[in-house]
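Dear colleague,

Please find below the structure that I am handing over to you, followed by an account of what was found in it.

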Amino acid sequence: MARKQTKVSDKKGLPAGIWTKCKKCEQLFLQKDFEENLMVCLKCGYYARLNARKRIEFMTDAGSFKESDKDVKPVDFLDFPGYADKISKSDSCDAIVTGEAKIGGHGVMVAVMDFDFMGGSMGSVVGEKIVRAVETAIDKKFPVIIVSASGGARMQEGIISLMQMGKTSAALARLADNGLAYISVLTDPTTGGVAASYAMLGDVNIAETKALIGFAGPRVIEQTIRQQLPEGFQMSEFLEKHGMVDIVVERKDLKNTLAKVLKFLSKK
(Lines give C-alpha, C1' and ligand atoms only; values in the text may rest on other atoms or scores of the structure.)
Protein backbone atom coordinates (compact mmCIF):
# COMPACT_ATOMS: atom_id res chain seq x y z
CA MET A 1 0.00 0.00 0.00
CA ALA A 2 1.36 3.41 -0.96
CA ARG A 3 2.26 5.57 1.99
CA LYS A 4 0.07 8.65 2.38
CA GLN A 5 2.02 11.90 2.00
CA THR A 6 1.53 14.26 4.92
CA LYS A 7 1.20 17.93 4.12
CA VAL A 8 2.91 20.44 6.40
CA SER A 9 -0.48 21.86 7.33
CA ASP A 10 -1.54 18.37 8.58
CA LYS A 11 1.42 17.85 10.92
CA LYS A 12 0.71 17.88 14.63
CA GLY A 13 2.36 20.33 16.99
CA LEU A 14 3.52 22.87 14.38
CA PRO A 15 3.04 26.34 15.90
CA ALA A 16 0.66 28.57 13.98
CA GLY A 17 2.21 31.52 12.20
CA ILE A 18 5.65 29.95 11.77
CA TRP A 19 5.33 28.82 8.15
CA THR A 20 3.62 30.25 5.10
CA LYS A 21 3.11 29.01 1.55
CA CYS A 22 3.22 30.97 -1.69
CA LYS A 23 -0.24 30.94 -3.29
CA LYS A 24 1.27 30.72 -6.77
CA CYS A 25 4.21 28.30 -6.66
CA GLU A 26 3.34 26.73 -3.28
CA GLN A 27 6.89 27.08 -2.02
CA LEU A 28 7.10 26.92 1.78
CA PHE A 29 8.82 29.71 3.73
CA LEU A 30 9.28 30.81 7.30
CA GLN A 31 6.71 33.54 7.97
CA LYS A 32 9.50 35.71 9.37
CA ASP A 33 11.53 35.49 6.14
CA PHE A 34 8.41 36.11 4.05
CA GLU A 35 7.57 39.29 5.96
CA GLU A 36 11.16 40.51 5.82
CA ASN A 37 10.84 40.24 2.03
CA LEU A 38 7.68 42.40 2.24
CA MET A 39 5.48 39.36 1.54
CA VAL A 40 6.90 38.80 -1.93
CA CYS A 41 7.69 35.16 -2.76
CA LEU A 42 11.44 34.53 -2.54
CA LYS A 43 11.19 31.89 -5.29
CA CYS A 44 8.75 33.08 -7.98
CA GLY A 45 8.33 36.77 -7.08
CA TYR A 46 4.56 36.50 -6.51
CA TYR A 47 3.12 39.50 -4.64
CA ALA A 48 0.92 38.45 -1.73
CA ARG A 49 -1.75 41.00 -0.88
CA LEU A 50 -1.08 43.14 2.17
CA ASN A 51 -3.72 44.13 4.67
CA ALA A 52 -3.92 47.84 5.48
CA ARG A 53 -1.91 47.77 8.70
CA LYS A 54 0.90 45.68 7.24
CA ARG A 55 1.05 48.07 4.27
CA ILE A 56 1.29 51.05 6.62
CA GLU A 57 4.05 49.32 8.57
CA PHE A 58 6.10 48.73 5.39
CA MET A 59 5.37 52.15 3.86
CA THR A 60 5.75 54.71 6.67
CA ASP A 61 8.52 55.76 9.04
CA ALA A 62 8.64 53.51 12.09
CA GLY A 63 6.34 54.64 14.89
CA SER A 64 5.06 57.67 13.00
CA PHE A 65 1.53 56.51 12.16
CA LYS A 66 -1.35 57.94 14.19
CA GLU A 67 -4.69 56.46 13.24
CA SER A 68 -7.75 58.68 12.85
CA ASP A 69 -11.50 57.97 12.81
CA LYS A 70 -10.95 54.33 13.71
CA ASP A 71 -14.39 53.92 15.27
CA VAL A 72 -16.39 54.92 12.16
CA LYS A 73 -18.48 51.88 11.24
CA PRO A 74 -20.79 51.01 8.33
CA VAL A 75 -24.58 51.11 8.53
CA ASP A 76 -26.89 48.54 6.94
CA PHE A 77 -28.94 51.19 5.10
CA LEU A 78 -30.81 48.72 2.90
CA ASP A 79 -31.27 45.88 5.39
CA PHE A 80 -29.29 43.82 2.86
CA PRO A 81 -29.44 40.08 3.64
CA GLY A 82 -26.33 38.94 5.52
CA TYR A 83 -24.63 42.35 5.50
CA ALA A 84 -25.03 43.02 9.23
CA ASP A 85 -23.53 39.59 10.03
CA LYS A 86 -20.50 40.25 7.82
CA ILE A 87 -19.91 43.56 9.54
CA SER A 88 -20.25 42.14 13.05
CA LYS A 89 -17.96 39.17 12.40
CA SER A 90 -15.08 41.20 10.97
CA ASP A 91 -12.05 42.17 13.04
CA SER A 92 -11.85 45.46 11.13
CA CYS A 93 -14.29 48.38 11.23
CA ASP A 94 -14.25 48.70 7.44
CA ALA A 95 -12.13 48.46 4.29
CA ILE A 96 -9.86 51.44 4.95
CA VAL A 97 -7.44 52.71 7.59
CA THR A 98 -6.59 56.43 7.72
CA GLY A 99 -4.24 58.58 9.73
CA GLU A 100 -1.27 60.90 9.93
CA ALA A 101 2.22 59.57 9.29
CA LYS A 102 5.69 60.42 8.08
CA ILE A 103 7.44 59.04 5.03
CA GLY A 104 11.09 59.97 4.67
CA GLY A 105 10.49 62.56 7.39
CA HIS A 106 7.68 64.27 5.45
CA GLY A 107 4.30 64.66 7.15
CA VAL A 108 1.40 63.13 5.18
CA MET A 109 -2.17 61.97 5.57
CA VAL A 110 -2.52 58.38 4.43
CA ALA A 111 -5.59 56.30 3.58
CA VAL A 112 -4.89 52.62 2.95
CA MET A 113 -7.54 50.23 1.70
CA ASP A 114 -7.84 46.72 3.10
CA PHE A 115 -8.82 43.99 0.63
CA ASP A 116 -9.35 41.58 3.54
CA PHE A 117 -12.56 43.43 4.45
CA MET A 118 -15.20 42.49 1.88
CA GLY A 119 -12.77 42.69 -1.02
CA GLY A 120 -11.78 46.27 -0.19
CA SER A 121 -15.21 47.39 -1.35
CA MET A 122 -15.99 51.10 -1.26
CA GLY A 123 -18.95 51.93 0.96
CA SER A 124 -20.05 54.93 2.99
CA VAL A 125 -17.28 54.53 5.58
CA VAL A 126 -14.53 54.41 2.95
CA GLY A 127 -15.84 57.61 1.38
CA GLU A 128 -16.33 59.36 4.71
CA LYS A 129 -12.88 58.49 6.05
CA ILE A 130 -11.17 59.60 2.85
CA VAL A 131 -13.00 62.93 2.98
CA ARG A 132 -12.07 63.42 6.65
CA ALA A 133 -8.44 62.58 5.87
CA VAL A 134 -8.43 65.15 3.06
CA GLU A 135 -9.99 67.81 5.30
CA THR A 136 -7.34 67.14 7.97
CA ALA A 137 -4.63 67.38 5.30
CA ILE A 138 -5.95 70.78 4.22
CA ASP A 139 -5.88 71.99 7.84
CA LYS A 140 -2.35 70.70 8.39
CA LYS A 141 -1.08 71.61 4.90
CA PHE A 142 -0.14 67.99 4.25
CA PRO A 143 -0.16 66.03 1.00
CA VAL A 144 -2.45 62.99 0.80
CA ILE A 145 -1.52 59.44 -0.14
CA ILE A 146 -4.26 56.90 -0.88
CA VAL A 147 -3.34 53.25 -1.40
CA SER A 148 -6.07 51.44 -3.31
CA ALA A 149 -6.84 47.71 -3.23
CA SER A 150 -10.46 47.17 -4.12
CA GLY A 151 -12.99 45.24 -6.14
CA GLY A 152 -15.07 48.41 -6.49
CA ALA A 153 -18.26 49.80 -4.96
CA ARG A 154 -20.01 47.82 -2.24
CA MET A 155 -23.24 46.38 -3.62
CA GLN A 156 -24.70 45.94 -0.11
CA GLU A 157 -25.00 49.73 0.14
CA GLY A 158 -26.48 50.30 -3.30
CA ILE A 159 -26.55 53.89 -4.54
CA ILE A 160 -24.95 55.08 -1.29
CA SER A 161 -21.72 53.36 -2.30
CA LEU A 162 -21.80 54.90 -5.79
CA MET A 163 -22.24 58.37 -4.27
CA GLN A 164 -18.79 57.99 -2.68
CA MET A 165 -17.21 58.33 -6.13
CA GLY A 166 -18.39 61.94 -6.42
CA LYS A 167 -17.91 62.68 -2.72
CA THR A 168 -14.24 61.66 -2.65
CA SER A 169 -13.50 63.28 -6.03
CA ALA A 170 -14.94 66.58 -4.78
CA ALA A 171 -12.79 66.40 -1.65
CA LEU A 172 -9.66 65.85 -3.73
CA ALA A 173 -10.61 68.83 -5.90
CA ARG A 174 -10.65 70.95 -2.72
CA LEU A 175 -7.22 69.58 -1.85
CA ALA A 176 -5.93 70.72 -5.26
CA ASP A 177 -7.58 74.13 -4.84
CA ASN A 178 -5.52 74.52 -1.68
CA GLY A 179 -2.31 73.78 -3.57
CA LEU A 180 -1.72 70.42 -1.88
CA ALA A 181 -0.63 67.24 -3.64
CA TYR A 182 -2.39 63.91 -3.92
CA ILE A 183 -0.36 60.76 -4.59
CA SER A 184 -2.34 57.68 -5.62
CA VAL A 185 -0.82 54.23 -5.13
CA LEU A 186 -2.56 51.47 -7.07
CA THR A 187 -2.09 47.88 -5.93
CA ASP A 188 -3.58 44.52 -6.89
CA PRO A 189 -6.46 44.77 -7.57
CA THR A 190 -7.74 48.31 -8.20
CA THR A 191 -11.01 47.98 -10.07
CA GLY A 192 -14.62 49.12 -10.40
CA GLY A 193 -15.83 52.38 -8.91
CA VAL A 194 -12.56 52.94 -7.05
CA ALA A 195 -10.57 52.85 -10.31
CA ALA A 196 -13.24 55.10 -11.85
CA SER A 197 -12.84 57.75 -9.15
CA TYR A 198 -10.14 58.65 -6.65
CA ALA A 199 -7.65 55.92 -7.57
CA MET A 200 -6.88 57.52 -10.96
CA LEU A 201 -7.03 61.18 -9.87
CA GLY A 202 -3.56 61.49 -8.40
CA ASP A 203 -1.17 64.29 -9.25
CA VAL A 204 1.21 61.34 -9.32
CA ASN A 205 -0.17 57.84 -9.98
CA ILE A 206 2.15 55.09 -8.76
CA ALA A 207 1.35 51.44 -9.45
CA GLU A 208 2.82 48.44 -7.69
CA THR A 209 4.29 45.94 -10.12
CA LYS A 210 2.05 43.14 -11.42
CA ALA A 211 -1.13 44.84 -10.21
CA LEU A 212 -4.49 44.41 -11.96
CA ILE A 213 -5.92 47.89 -12.62
CA GLY A 214 -9.09 48.70 -14.54
CA PHE A 215 -12.84 49.18 -14.37
CA ALA A 216 -14.25 45.85 -15.57
CA GLY A 217 -12.30 42.61 -15.53
CA PRO A 218 -10.58 41.30 -18.70
CA ARG A 219 -13.00 38.39 -19.07
CA VAL A 220 -16.03 40.72 -18.99
CA ILE A 221 -14.42 43.01 -21.57
CA GLU A 222 -13.57 40.13 -23.90
CA GLN A 223 -17.13 38.82 -23.69
CA THR A 224 -18.51 42.29 -24.39
CA ILE A 225 -16.34 43.29 -27.36
CA ARG A 226 -15.83 39.69 -28.54
CA GLN A 227 -12.16 40.24 -29.20
CA GLN A 228 -9.05 38.83 -27.59
CA LEU A 229 -7.24 41.37 -25.43
CA PRO A 230 -3.49 41.99 -25.78
CA GLU A 231 -1.10 40.20 -23.46
CA GLY A 232 -0.73 41.91 -20.10
CA PHE A 233 -3.86 44.00 -20.62
CA GLN A 234 -4.83 45.94 -17.46
CA MET A 235 -1.62 45.03 -15.66
CA SER A 236 0.31 47.95 -14.18
CA GLU A 237 3.17 47.64 -16.68
CA PHE A 238 0.67 47.80 -19.58
CA LEU A 239 -0.93 50.94 -18.11
CA GLU A 240 2.44 52.64 -17.68
CA LYS A 241 3.31 51.92 -21.31
CA HIS A 242 0.04 53.52 -22.42
CA GLY A 243 0.30 56.58 -20.16
CA MET A 244 -2.34 55.65 -17.58
CA VAL A 245 0.06 55.61 -14.63
CA ASP A 246 3.24 57.58 -14.09
CA ILE A 247 5.51 54.92 -12.68
CA VAL A 248 5.52 51.24 -11.74
CA VAL A 249 7.59 50.30 -8.71
CA GLU A 250 8.47 47.12 -6.90
CA ARG A 251 7.16 46.83 -3.37
CA LYS A 252 10.64 47.09 -1.87
CA ASP A 253 11.13 50.45 -3.59
CA LEU A 254 7.74 51.99 -2.79
CA LYS A 255 8.68 53.76 0.43
CA ASN A 256 11.81 55.33 -1.08
CA THR A 257 9.89 56.34 -4.21
CA LEU A 258 7.21 58.04 -2.12
CA ALA A 259 9.89 59.83 -0.08
CA LYS A 260 11.52 61.13 -3.27
CA VAL A 261 8.19 62.33 -4.68
CA LEU A 262 7.31 64.05 -1.40
CA LYS A 263 10.72 65.73 -1.30
CA PHE A 264 10.27 66.99 -4.84
CA LEU A 265 6.74 68.25 -4.15
CA SER A 266 7.82 70.00 -0.94
CA LYS A 267 10.18 72.18 -3.00
CA LYS A 268 7.27 73.21 -5.20
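A residue is called buried when its relative accessible area is under 20%, exposed when it is over 50%, and partly exposed in between, using a 1.4 Å probe and protein chains only. The model is predicted, so local features need pLDDT of at least 70 and side-chain atom pairs count only at pLDDT 80 or more, while totals for chains, interfaces and linings use all residues. Residues are numbered from 1 along each chain as its sequence is written, and side-chain values use heavy atoms, with hydrogens and water left out.

Overall architecture

The protein chain contains 9 helices and 9 strands; these are DSSP runs numbered from the N terminus, with helices being H or I of at least four residues and strands E of at least two. Its radius of gyration is 20 Å, close to the 18 Å that the globule rule gives for 268 residues, so the chain is as compact as a globular protein of that length. That radius is taken over C-alpha atoms, and the rule is 2.2 Å times the number of residues to the power 0.38. Along the principal axes, the C-alpha atoms fill a box of roughly 75 × 45 × 45 Å.

Of the 268 residues, 45% count as buried. Among contacts (heavy atoms within 4.5 Å) with a separation of 6 or more, 65% are made by residues 24 or more positions apart. The protein chain has 38 positive and 33 negative side chains, and the centres of the two sets lie 5 Å apart. Here Lys and Arg count as positive and Asp and Glu as negative, leaving out His and the chain ends; each charge is placed at NZ of Lys, CZ of Arg, CG of Asp or CD of Glu.

Helix α2 and Arg55

Helix α2 spans residues 52-59 and includes Arg55. The helix is mostly covered, with 6 of its 8 residues buried, namely Ala52, Lys54, Arg55, Ile56, Phe58 and Met59. Arg55 counts as buried because its relative accessibility is 5%. Leaving aside residues up to four places away in sequence, Arg55 touches Leu50, Val112, Val147, Thr187, Glu208, Arg251 and Leu254. At the start of α2, a side-chain oxygen of Asn51 comes within 3.3 Å of the backbone nitrogen of Arg53. This is a polar contact, that is, a pair of N or O atoms within 3.5 Å; within protein, one must be able to donate a hydrogen and the other to accept it, and residues adjacent in sequence count only if both atoms are side-chain atoms.

Ser197

Ser197 belongs to the loop between α6 (192-195) and β8 (204-208), and its relative accessibility of 3% is why it counts as buried. A polar atom of its side chain lies 2.7 Å from the backbone oxygen of Gly193. Beyond residues up to four places away in sequence, Ser197 touches Met165, Thr168 and Ser169.

Backbone geometry

Most residues other than glycine have a negative phi, and most peptide bonds are trans. The peptide bond from Asp188 to Pro189 is cis, with omega near -10°, and Pro189 is found in strand β7 (residues 182-190). Glu26, in the loop between β1 (19-21) and β2 (28-30), has a positive phi near 65° and is exposed, with a relative accessible area of 56%. Gln234 also has a positive phi, of about 75°; it is found in the loop between α7 (218-225) and α8 (236-241) and is buried, with a relative accessible area of 6%.

With kind regards
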